[in-house]
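Here are my notes for your first look through this one. Have the viewer open and follow the points in order.

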Amino acid sequence: EELVAERGDFPALSPDGKWLAYTREEGGNGGDVEALNLETGEVVVIDSTADYSGDPAFSPNGKFLAISRAPASGSANVSPEQRIFVHSFPDPERFSIQVVDQYADDPLWSTDGSRFYFRNGAVLYQLNVETGETFSVQSVPTRVASFPGSIQMRVRNDVGRNALLVKHAETNQATLSEVGADFNVLLSADSYVRALMGE
């Protein structure tokens, strides 16, 4: 066990294992996104422009880093002005792009880098994106699934090219009929494993 960053939250490891991105808490709801090179100790500031920046997520090829950003006038958890931005990496000064013009939280990439997911309230959306030498959005946001009742749903990890693990704050089940045939939303990892084993 080794302490690598103090006052850190929302850790994300780069695909090559060399960089750790996280939100450096500065008290209250304030925070900057930094990336620490675990081999050299170099720290790169990804975003320090807003009252709160968080939820770093590396693209599968490691060339881009998505973050959520809330303006100085609001809380990171409730501000309707929160947006998601994608920065070039490891040089965040090369470009920064706002991904969508609506409230967005919990950025996540598909494992092949061709799709980008985000949450708006209790609705999960996806975008088709290009993640070669440059990043670009190739489609408008498309609804993947709606989760009734709570806005505390959290998309935390992709477990396969066509699956996401979703933690929902209420016992209500997702309306799976709204999910495309090539996409699965998993509310319980245990039930998913049991289904795979034929139980």
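Before anything else, a word on cover: a residue is called buried under 20% relative accessible area, exposed over 50%, and partly exposed in between (1.4 Å probe, protein chains only). Keep in mind that this is a predicted model, where local features need pLDDT of at least 70, side-chain atom pairs count only at pLDDT 80 or more, and totals for chains, interfaces and linings use all residues. Residues are numbered from 1 along each chain as its sequence is written, and side-chain values use heavy atoms, with hydrogens and water left out.

1. The overall picture. The protein has one helix and 16 strands; these are DSSP runs numbered from the N terminus, with helices (H or I) of at least four residues and strands (E) of at least two. Of its 199 residues, 46% count as buried. The accessible surface comes to about 10300 Å², and carbon and sulfur atoms own 47% of that. Those areas come from the Shrake-Rupley method with a 1.4 Å probe, and for residues only the protein chains shown count as cover. As for contacts (heavy atoms within 4.5 Å), take those between residues at least 6 apart in sequence: 33% of them join residues at least 24 apart.

2. Tyr 52 sits opposite Ala 70 in E6. Five residues separate the two strands of the hairpin, and Gly 62 in the turn has a positive phi of about 75°.

3. Ser 68. This residue belongs to strand E6 (residues 64-70). Is Ser 68 buried or exposed? With a relative accessible area of 1%, Ser 68 is buried. Its side chain makes a polar contact with the side chain of Asp 55 at 2.8 Å. Such a contact is a pair of N or O atoms within 3.5 Å; within protein, one must be able to donate a hydrogen and the other to accept it, and residues adjacent in sequence count only if both atoms are side-chain atoms. Setting aside neighbours within four places in sequence, the contacts of Ser 68 include Tyr 52, Gln 82, Ile 84 and Asp 105.

4. Salt bridges across the chain. The count comes to six salt bridges, taking one to be a side-chain nitrogen of Lys or Arg within 4 Å of a carboxyl oxygen of Asp or Glu. One of them joins the side chains of Arg 69 and Asp 47 (2.5 Å, N to O). That pair links distant parts of the chain, with Arg 69 in strand E6 and Asp 47 in strand E4, 22 residues apart. Arg 69 counts as buried at 16% relative accessibility, and Asp 47 is buried at 3%. Another bridge brings together Lys 63 and Glu 133 (2.6 Å, N to O). Lys 63 lies in the loop between E5 and E6 and Glu 133 in the loop between E11 and E12, so this pair ties together parts that are 70 residues apart in sequence. Lys 63 is partly exposed, with a relative accessible area of 28%, while Glu 133 counts as exposed at 60%.

5. Glu 81 is partly exposed at 44%, whereas Arg 83 counts as buried at 13%.

6. Strand E10 and its two partners. Five of the six residues in E10 (residues 115-120) are buried. E10 pairs with E9 (residues 105-109) in the antiparallel sense over three bridges, and Phe 116 is the bridge partner of Trp 109. With E11 (residues 123-131), E10 pairs in the antiparallel sense over six bridges, and Asn 120 stands opposite Val 123. The hairpin of E9 and E10 has five residues between the strands, and Gly 113 takes a positive phi near 75°. The hairpin of E10 and E11 has two residues between the strands, with Gly 121 at a positive phi of about 60°.

Conventions
Pairing = 2+ DSSP bridges.
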